[in-house]
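User: Hi, I'm new to reading protein models. Can you walk me through this one?

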Amino acid sequence: MDLLKSLKLKSITKRLGSIVISDDRIDCYVDNDKLRRLIEKKNNLLSLDSSDKKIAYGIDKPITYHISDYSFDGIVISTTDSIHFSNCTFNNEVTIARANQIVLENNNYNNSSNKFKYNDRFLIGANIKEFILLNDNYENEGEDYRVDMKVKAESIRFSNSNVLTGVGALNLEADEVTLENSEIDSESTLIQSKKVNIDDSSSISGSRAVMIYSTEINGAYNVYSPQKIINGLKEESNKKTSHRVKKND
């Protein structure tokens, strides 16, 4: 990489870490000390907007930021690019204001608030093109608190992942929602999507209710709840089952 291009890319990525260029994208492997200073300066706002600088510098490849082994104490995320979080710990609320792609892999989720307010969300996201849980357990690692999730994206995919213990409400809205070797077992789940895919190794369970609104549902037989409502029609109650899919299955 020539010196001028290197300086341009460092400027675009806020000098957060080492940069690797491939044919189809730019990967930035974030240094945690630099990340900490940026988040503290922005009062827990992780803002990574590269649009104007990419245009100015003639850079047209998408950027993926890789963040690993970092502990967040409440965070607001806004990016025009993509972020891959792995082996991180999220304490308290996570808000995703916008993103091209968010990948959550093998993280811990702790709601350490002193009080939990009804209808609060641990993770809330909107204006996301692609939201992915990958080899992840989205469950409450703290005590006596729920980890609710409300995400609106163009595409939502759970791959080899679980949404389990301590999860209250799960609200997913997308053009397409896909479960691959994954399990949802929450109090209540609401999915609003043009297309819902639940493969044979996946299931959705709700101790209170599961509601799905979609023009195309593949795998609805893998939905279990005393209140199973498909497109507004209540189906015959079936027993809630739980079989916990293992990450390495």
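Analyst: Let's start with a term. Buried means under 20% relative accessible area, exposed means over 50%, and partly exposed is in between. At 35% relative accessibility, R36 therefore counts as partly exposed. Keep in mind that this is a predicted model.

User: Okay. Which residue does R36 meet in a salt bridge?

Analyst: D33. The two side chains form a salt bridge, with 3.2 Å from N to O. D33 is partly exposed too, with a relative accessible area of 46%.

User: Where do R36 and D33 lie?

Analyst: Both are in helix α2, which covers residues 32-41. They are 3 residues apart, about one turn of the helix.

User: How many salt bridges does a search of the whole structure find?

Analyst: The search finds 8. Side chains of opposite charge can pair when their charged atoms come close.

User: What about R98? Which side chain does R98 meet in a salt bridge?

Analyst: That one is D49, at 2.7 Å from N to O. R98 lies in strand β7, and D49 sits in the loop between β3 (45-48) and α3 (51-57). So this pair ties together parts that are 49 residues apart in sequence.

User: Are R98 and D49 buried or partly exposed?

Analyst: R98 is partly exposed, at 31% relative accessibility. D49 is partly exposed as well, at 38%.

User: New topic: rings. How many aromatic pairs does a search of the whole structure find?

Analyst: It finds 8 aromatic pairs. Take F90 and Y109: their ring centres are 5.8 Å apart and their planes are at 10°.

User: Why is the pair of F90 and Y109 stacked?

Analyst: Planes under 30 degrees apart count as stacked. The planes of F90 and Y109 are at 10°, so the pair is stacked. F90 lies in strand β7 (residues 89-105) and Y109 in strand β8 (residues 108-110), so the pair ties together parts that are 19 residues apart in sequence.

User: Are F90 and Y109 buried or exposed?

Analyst: F90 is buried, and Y109 is buried as well.

User: And F122 with Y138? What is the angle between the planes?

Analyst: The angle is 70°, and that pair is edge-to-face. The distance is 6.3 Å centre to centre. F122 is in the loop between β8 and β9 (123-134), while Y138 is in strand β10 (residues 137-138). They are 16 residues apart, so the pair links distant parts of the chain. F122 and Y138 are both buried.

User: Which residues form one aromatic cluster?

Analyst: Y70, F72, F85, F90, Y109, F122 and Y138.

User: Last one, V94. Where is V94 found, and is V94 buried or exposed?

Analyst: V94 is found in strand β7. At 4% relative accessibility, V94 counts as buried.

User: What does V94 touch?

Analyst: Leaving out residues up to four places away in sequence, V94 touches I75, I77, F122, L123 and I124. Also, the C-alpha atoms of V94 and D73 are separated by 8.9 Å, and these two residues are 21 residues apart along the chain.

Definitions and conventions
Residues numbered from 1 in each chain as written. Predicted model: local features only at pLDDT ≥ 70, side-chain atom pairs only at ≥ 80, totals over all residues. Heavy atoms only, no water. Phe/Tyr/Trp six-rings, centres within 6.5 Å; stacked < 30°, edge-to-face > 60°. Helix = DSSP H or I, 4+ residues; strand = E, 2+ residues; numbered from the N terminus. Buried < 20%, exposed > 50% of the residue type's maximum accessible area, 1.4 Å probe, protein only. Salt bridge = Lys/Arg side-chain N within 4 Å of Asp/Glu carboxyl O. Contact = heavy atoms within 4.5 Å.
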